Amino acid sequence: MAFNSYGAYKKVNVETASQGKLVVLLFNGAIQRASQAKAKIQSGRLPDAHNDLIRAQDIINELRKSLDLKTGPLACQIDRIYEYFHHLLVQANLHKDTSYIDECVALLSDMRDTWQEAFGIYESEQASLSPAPIASFNGSMAVNIKG
């Protein structure tokens, strides 16, 4: 029962998340899968490690697909970084070498933290641009819905 509740919470959390939060959730998922794969390689559970690495690669591919490469060179550079993450995961899977996973998780964590900070700044700037509530004639606050 608790698992079903958690699954429902997770689904609502993802469905109502901002674009920035979704990007961070994808990074968290890739980091989690790669870390699980590392533990499974170390314990000799290679088929399970393979599956986790494939799932992490799929997440990186989703991040790559979310980029609009027509927006300019920055998006193309980010795509190349994502491509490198994918390469590390493929190498880890081919060689069952956790050093590739260590490098990938460190880079993914740094980039996730950067995205999280950038989206936080963006959201706070957007919040400061929203119109202030208007005081009504009786002193209570009203919301400006005209924008």
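**Figure 1. Helix 4, residues 73–95, in the predicted model.** The buried residues of helix 4 are Ala75, Ile78, Asp79, Tyr82, Phe85, Leu88, Leu89, Gln91, Ala92 and Asn93. What covers these buried residues includes helix 2 (19–42), helix 3 (46–65) and helix 5 (98–129). As a general point, an α-helix has 3.6 residues a turn, so residues three or four places apart point the same way.

**Figure 2. The packing of helix 3 against helix 4.** The axes of helix 3 and helix 4 come within 9 Å and cross at roughly 170°; because an angle over 145 degrees counts as roughly antiparallel, the two helices are roughly antiparallel to each other. On the side of helix 3, the contact is made by His50, Leu53, Ile54, Ala56, Gln57, Ile60, Asn61, Leu63 and Arg64, while helix 4 contributes Asp79, Tyr82, Glu83, Phe85, His86, Leu89, Val90, Ala92 and Asn93.

**Figure 3. Lys96, in the loop between helix 4 and helix 5.** Lys96 follows helix 4, and its phi is near 50°, a positive value in a residue other than glycine. In general, most residues other than glycine have a negative phi. With a relative accessible area of 26%, Lys96 is partly exposed, because that term covers values between 20% and 50%.

**Figure 4. Arg55 of helix 3, shown together with Gly29.** Arg55 has its place in helix 3 and is partly exposed, with a relative accessible area of 44%. Although Arg55 and Gly29 are 26 residues apart in sequence, their C-alpha atoms are 8.9 Å apart in space.

**Figure 5. Confidence of the prediction along the protein chain.** The chain averages a pLDDT of 84, and 76% of the residues score at least 70. Confidence is highest in helix 3, at 98, and lowest in strand 2 (residues 141–142), where the mean is 45. Over residues 8–12 the pLDDT is below 50, and this stretch has zero contacts in the model beyond near neighbours in sequence. Over residues 140–147 the pLDDT likewise stays under 50, although here the model has ten contacts beyond four places in sequence. Where pLDDT is low, the predicted coordinates should not be read in detail.

Definitions and conventions
Residues are numbered from 1 along each chain as its sequence is written. This is a predicted model: local features need pLDDT of at least 70, side-chain atom pairs count only at pLDDT 80 or more; totals for chains, interfaces and linings use all residues. Side-chain values use heavy atoms; hydrogens and water are left out. Helices (H or I, at least four residues) and strands (E, at least two) are DSSP runs, numbered from the N terminus. The expected span of a helix is 1.5 Å times one less than its number of residues. Buried means under 20% relative accessible area, exposed over 50%, partly exposed in between (1.4 Å probe, protein chains only). Contact means heavy atoms within 4.5 Å. Axes are lines fitted to C-alpha atoms, for helices over the stretch in contact, and angles run from 0 to 180 degrees between N-to-C directions. Angles under 35 degrees count as roughly parallel, over 145 as roughly antiparallel, 65 to 115 as roughly perpendicular and the rest as oblique. pLDDT is the predictor's confidence in each residue, from 0 to 100.
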